[in-house]
Amino acid sequence: QSFVSSVAGATASISVASPMDVVKTRIQNRDFNDPRSGSAIVTDLLRHEGPGAFFKGLAPKLAVVGPKLVFSFAVAQKMIAMIDDRLQK
């Protein structure tokens with residue numbers, strides 16, 4: 001149960017953060033003299049590449065960061081249960 005919930009939590013957190021990560025990367029990689037704002041980059045991204053562009057690189061992120069988050073969530077759940085048990089005594 002905790003493994004499944006950890007996988008779901010890791011997938012959800014990476015998926016939710018992915019669109020902003022794509023926009024951040026586009027902003028960081030643009031030419032220094034490019035005057036476009038973040039909202040203009042979002043608009044251009046939607047217009048030229050579609051909504052799927054916000055999830056570019058999602059599979060590698062899930063493959064690399066996912067196991068780390070699953071481990072962290074599982075350890076956190078165990079630790080919370082252990083601390084709760086000790087406080088109950």
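**Figure 1. Ser18 in helix α1 of the predicted model.** Ser18 is one of the residues of helix α1, and the structure shown here and in the other views is a predicted model. Is Ser18 buried or exposed? Ser18 has a relative accessible area of 0% and is therefore buried, since a residue counts as buried under 20%. Leaving aside residues up to four places away in sequence, Ser18 touches Phe54, Phe55, Lys56, Leu58 and Lys61. The view also takes in Ala53, which is 35 residues from Ser18 in sequence. In space, the C-alpha atoms of Ser18 and Ala53 are 10.0 Å apart.

**Figure 2. Helix α1 against helix α3.** Helix α1 covers residues 2–29 and helix α3 covers residues 58–88. Their axes come within 8 Å and cross at roughly 135°. In the contact of α1 with α3, eleven residues are nonpolar, ten are polar and two are charged.

**Figure 3. Helix α1 against helix α2.** The axes of α1 and α2 lie 10 Å apart, and the helices pack at an angle of about 110°. With this angle, α1 is roughly perpendicular to α2. Which residues meet in this contact? From α1 come Val22, Val23, Arg26 and Ile27, and from α2 come Gly38, Ile41, Val42, Leu45 and Glu49. Sorted by class, the contact of α1 with α2 has six nonpolar residues, one polar residue and two charged residues.

**Figure 4. Ile27 in helix α1.** Ile27 belongs to helix α1 and is one of the residues of α1 that meet α2. Beyond residues up to four places away in sequence, Ile27 touches Gly38 and Ile41. The relative accessible area of Ile27 is 32%, so Ile27 is partly exposed. Asp84 is 57 residues from Ile27 along the chain, and the C-alpha atoms of the two are separated by 44 Å.

Figure 5. Side chains of opposite charge can pair when their charged atoms come close. Glu49 and Arg26 meet through their side chains in a salt bridge, with 2.9 Å from N to O. This pair links distant parts of the chain: Glu49 is in helix α2 (residues 38–49), Arg26 is in helix α1, and 23 residues separate them. Glu49 also forms a salt bridge with Lys56, where the closest N and O atoms are 2.6 Å apart. How exposed are these residues? Glu49 has a relative accessible area of 37% and is partly exposed. Arg26 is partly exposed at 28%, and Lys56 is partly exposed at 47%.

**Figure 6. Arg47 and Asp44 in helix α2.** The side chains of Arg47 and Asp44 meet in a salt bridge of 3.5 Å, N to O. How far apart are Arg47 and Asp44 in helix α2? They are three residues apart in the helix, which means a separation of about one helical turn. Arg47 has 58% relative accessibility and so counts as exposed. Salt bridges with shared partners join Arg47 and Asp44 with Asp34 and Arg36 in one network. A search of the whole structure finds seven salt bridges.

Figure 7. Val4 lies in helix α1. Is Val4 buried or exposed? Val4 counts as exposed because its relative accessibility is 58%, and the cut-off for exposed is over 50%. The C-alpha atoms of Val4 and Ala40 are separated by 39 Å, and the two residues are 36 residues apart along the chain. Ile83 is found in helix α3. The relative accessible area of Ile83 is 48%, so Ile83 is partly exposed. Thr11 is 72 residues from Ile83 in sequence, and their C-alpha atoms are 26 Å apart in space.

Terms used. Residues are numbered from 1 along each chain as its sequence is written. This is a predicted model: local features need pLDDT of at least 70, side-chain atom pairs count only at pLDDT 80 or more; totals for chains, interfaces and linings use all residues. Side-chain values use heavy atoms; hydrogens and water are left out. Axes are lines fitted to C-alpha atoms, for helices over the stretch in contact, and angles run from 0 to 180 degrees between N-to-C directions. Helices (H or I, at least four residues) and strands (E, at least two) are DSSP runs, numbered from the N terminus. Ala, Val, Leu, Ile, Met, Phe, Trp, Tyr, Cys and Pro count as nonpolar, Asp, Glu, Lys and Arg as charged, and the others, Gly among them, as polar. Buried means under 20% relative accessible area, exposed over 50%, partly exposed in between (1.4 Å probe, protein chains only). A salt bridge is a side-chain nitrogen of Lys or Arg within 4 Å of a carboxyl oxygen of Asp or Glu. Angles under 35 degrees count as roughly parallel, over 145 as roughly antiparallel, 65 to 115 as roughly perpendicular and the rest as oblique. Contact means heavy atoms within 4.5 Å.
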